[in-house]
Amino acid sequence: MTPAHPREGDGRAAGDRGPDDPASGAEALLDVRAVVKRFGAVRALDGVDFRTRAGEIHALLGENGAGKSTLMNVVSGLYAPDAGAIRFGGRTVRWRSPEEARSAGIAMVHQHFMLVPSFTIAENVALARGALGWLPRARTEEATRALAARYRVDVGDPARRIDDISVGDRQRVEILKALAAVDGDPTGAGSTAAARLLVLDEPTAVLTPDEVAVLFELLRDLAAHGTAVVIVTHKLAEVLALADRVTILRGGRAIASGPAARFEPAALAALMVGAPAEVVARAPEVVPAEVRPAASSADPRPRRAPTTAPPVIVAERLCGHDRAGAIALDGVSLTVAAGEIVAVAGVEGNGQWELVAALAGFARDCLRGFSGRVAIAGRSIASAADARDAGLAIVPADRTTDGLVAELPAWENLLLARDRLRAMAPRGVVPRARALSEARSALAAYEVQPPDPLLPAGLLSGGNQQRLVLARELGRQRPAAIVAANPSRGLDLAATAAVRRRLREHARAGAAVLVLSTDLDEVEEIADRIVVLYRGRLIDAPSSTTRAAIGRLMAGSGVAA
Amino acid sequence: MTPAVARAAARVGPAVLAVATALSLAAALAAIAGSDPATAVRALVLGSLGSTANVADTLVRSAPLLLCGAAVMLAFRSGIFNIGADGQFLAGALAATAVATRIRPFPGQFACVLIAGALAGGAWAIVPAAFRIRRDVSEVITTILLNFVALYLVSWAVTGPLQESSRAYPQSAAIPETARLARFLHGTGDRLHAGIPLAFGLAAATGGLLSFTTFGLRLRAAGLNAPAARLAGFPVRRDLAVAFALSGALAGLAGAVELAGVTHRLFDRFSPGYGYTAIAVALLGNLRTPGTIAAALFFAALGAGASAMERSAGVSAVIAVAVQGATLLAVAATGAPALARVVQRARGRGEAAASETEAAAAAGAPRGA
């Protein structure tokens, strides 16, 4: 099949020069040609070309490991290329350090927040400018305000501590920091340098839909004022909503590039993953949200009728307050039957984590005044040990803090579940040879790269850490129940399809599956039944509920239509 | 096999380099002090390995370092920064002295002495454990502070309730024969005591427990990442407390062994800093048993050799301390993997705490809005 052609392709390759291709004119702000970057034997970049011009929003798409981050790290001076040339602003450059790239006007916002939580916004921005020593509070705050005004980035009162602001605000502080670093001047007074290129690595990963909208508005405004914006992502919906131009990386090369409007959405997905038809059909992001009903004919698997199978996960009237004293769970009752997949849709921070904690048996450790009853496979759950003994597999939302011990090698991380450890070592002594060989096959089955069981989990990339957690939790024989929070977060399309397939297989084999997700597409694709979690309360979404209505429920506005 | 060889080389390389650096430094210091460096180094080596008596001296000195080193190894690999082995050593020695001198002698008393030492060391470590588990107070602070408490507790005891009946010196009475550890190979200067094989055995057992048992995996997981261990269904608080207690017990046992096997008395300044040197021992040994044994022997040999060097080459034994410090610096400078891991972990824990507050803030945000 050949979905890989642009809409008006007419046989032209996607990367062909067109009248509006920046490479055809001299005005390309950034011009990367045939850049190669090797790490040991791996060619992370294998002769990649990438061009972008001032005032344009350019989406850099690709699977995990396609080379997106490496390319941006080369552009921002973190890595030196092994071969190839980079032209920036019309002259050939060879950055010797990120500072050089910054002073030339390249601002980089990393995927993970790099903020000092106990500092104020102004102090974090001053740090990014290279401030050393004592700086008067009023002056740094004034400088931050001036910078925010200049770039129209609304961060509110710069005297607020990072601890106290929302995730969306934090992201804007990160952007402001990147812009401030370009300024260089520690005081921020009288600076004239301007950010010419702003690179954002996966900027929407942690944002709510509302915050994404605010971010996009901000980026469009920056672009309208002449800054080139490059956004590294693997979310297709974002590309269509935001980008003027798209470049797709695969295996360290640019395999297609052109105006965003020229690409069939399905073709984008196909290009990214190398085109298996199954995956293209499974790229529901490309269907406009408002017109797609929850159980449309496009749904790959129509929702099943209410089940009569016995309940496996039973939660009754779960209540509790978080450490700050706010209500986290407000009378949640829930039943998942054997063989059923129930999805809990919701914007993060509405009680998802607390619900997982309650089902996994450790709510008492992290919730104040927890009450309610949880039973799994007929067994009452009072501790995490109970939950594991009842046969519960858990995929936590935060793999690095809850799922893995970074210092321990992969093979030991695969044993970090009471039931698995007992099965491997019933007498208390771990049979190393068998554990290692089983780890090797698990790493291969879940495509963890590199498949080295002795490598500490902390050295794996984010996507591969998630695969390792999935290998442990989903790789077991016949779990009675599965609770998975954002199971496909950080995974590429092929791996996402594999995870969802495995969840379905476990359900078919009789497991009760509960998926908590912030991604409506995931919820709709996988669930037999959808519930919405909002401010610690569960709201049923009948199968007739439209996608738009579910979105409204997630945002807390009113009842189902 | 090549990666395995490379891994082994990466582990051993820095240690070898560090030891070479340390010996060169010893020679340089001797030269500065006005002695012949060759004579000094020869005295250093012969004094520790030159005769059976000297080897015995080295082995005797290695026992407390090895037990405290095992204590530090267990703690560090379990994500616990136990800087308090010295205090636990003293607490063990103190309790051992009490059992040895305050109870009428009976056959097999030495076993009770050792058990008392281990229990007291474990109890001394349970205090910081409780602070960390209940109030999230860093054990770096609490264990160091408790070292001073133990130090002055011993000072008080040997001038007070446990002082010898003549009250001549700040020391306890000599412990009775029944409380002393058996000696063997009398021809080697009659100094080798049963605590030495015990120390080697327990160091090996500690490594085996950590690396090869489910319990060891639980201990490490609990200390390194409590949320992940909790999710796994492990009893995190209990495991963490046990790891603290076992670490303290090993150090406390070292104090009891030193008392019952070598000094036979408790006195002021009973520990010449074994608990601190043990940190260097464990790190130089890359937090693994073979390395820790080798490092304990190396530091013990340095101590034994330095005394000999002082006698025959006229170079102050203080040089041995400088060499110990230099060795550790060299280990740090050559990027010993163990030290790197320990530092990483300390940083990681700080970040985890930060992200926890972040997550809490994020969880609160939509409600506040």
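Modeller: Let me begin with A260(B), which, leaving aside its neighbours within four places in sequence, is in contact with A96(B), A100(B), F110(B), V113(B), L114(B), I175(B), A179(B), R180(B), L181(B) and G195(B); two residues are in contact if their C-beta atoms, placed from the backbone, lie within 7 Å. This is a predicted model, in which local features need pLDDT of at least 70 and side-chain atom pairs count only at pLDDT 80 or more, while totals for chains, interfaces and linings use all residues. Residues are numbered from 1 along each chain as its sequence is written, and chains are lettered from A in the order in which they are written.

Biologist: Which residues touch the most other members of the largest nonpolar core?

Modeller: They are L67(B) and A260(B), in a core of 213 residues. Helix α10 (residues 236–263) of chain B gives the most to this core, with 16 residues. A nonpolar core is a set of buried Ala, Val, Leu, Ile, Met, Phe, Trp, Tyr and Cys residues joined through C-beta atoms within 7 Å.

Biologist: Why is H264(B) called partly exposed?

Modeller: A residue is buried if 20 or more other C-beta atoms lie within 10 Å of its own, exposed if 12 or fewer, and partly exposed in between. H264(B) has 19 C-beta neighbours inside 10 Å, and therefore counts as partly exposed. H264(B) lies in the loop between α10 and α11 (274–284) of chain B, and has a positive phi of about 65° although it is not a glycine.

Biologist: What makes R478(A) exposed?

Modeller: R478(A) has 9 C-beta neighbours inside 10 Å, so it counts as exposed. Its place is in the loop between α17 and β17 (481–485) of chain A, and its phi, near 40°, is again a positive value in a residue other than glycine.

Biologist: Why are α5(B) and α6(B) called roughly antiparallel?

Modeller: The axes of helix α5 (residues 109–135) and helix α6 (residues 139–159) of chain B come within 9 Å and cross at roughly 150°. Angles over 145 degrees count as roughly antiparallel, and the two helices are therefore described in that way.

Biologist: Which residues of the two helices meet?

Modeller: From α5(B), W124(B), V127(B), P128(B), F131(B) and R132(B) meet E139(B), T142(B), T143(B), L146(B) and A150(B) of α6(B). The residues of this contact divide into 6 nonpolar, 2 polar and 2 charged.

Conventions: Helix = DSSP H or I, 4+ residues; strand = E, 2+ residues; numbered from the N terminus. Axes fitted to C-alpha atoms, helices over the stretch in contact; angles between N-to-C directions. Parallel < 35°, antiparallel > 145°, perpendicular 65-115°, else oblique. Nonpolar A, V, L, I, M, F, W, Y, C, P; charged D, E, K, R; others polar.
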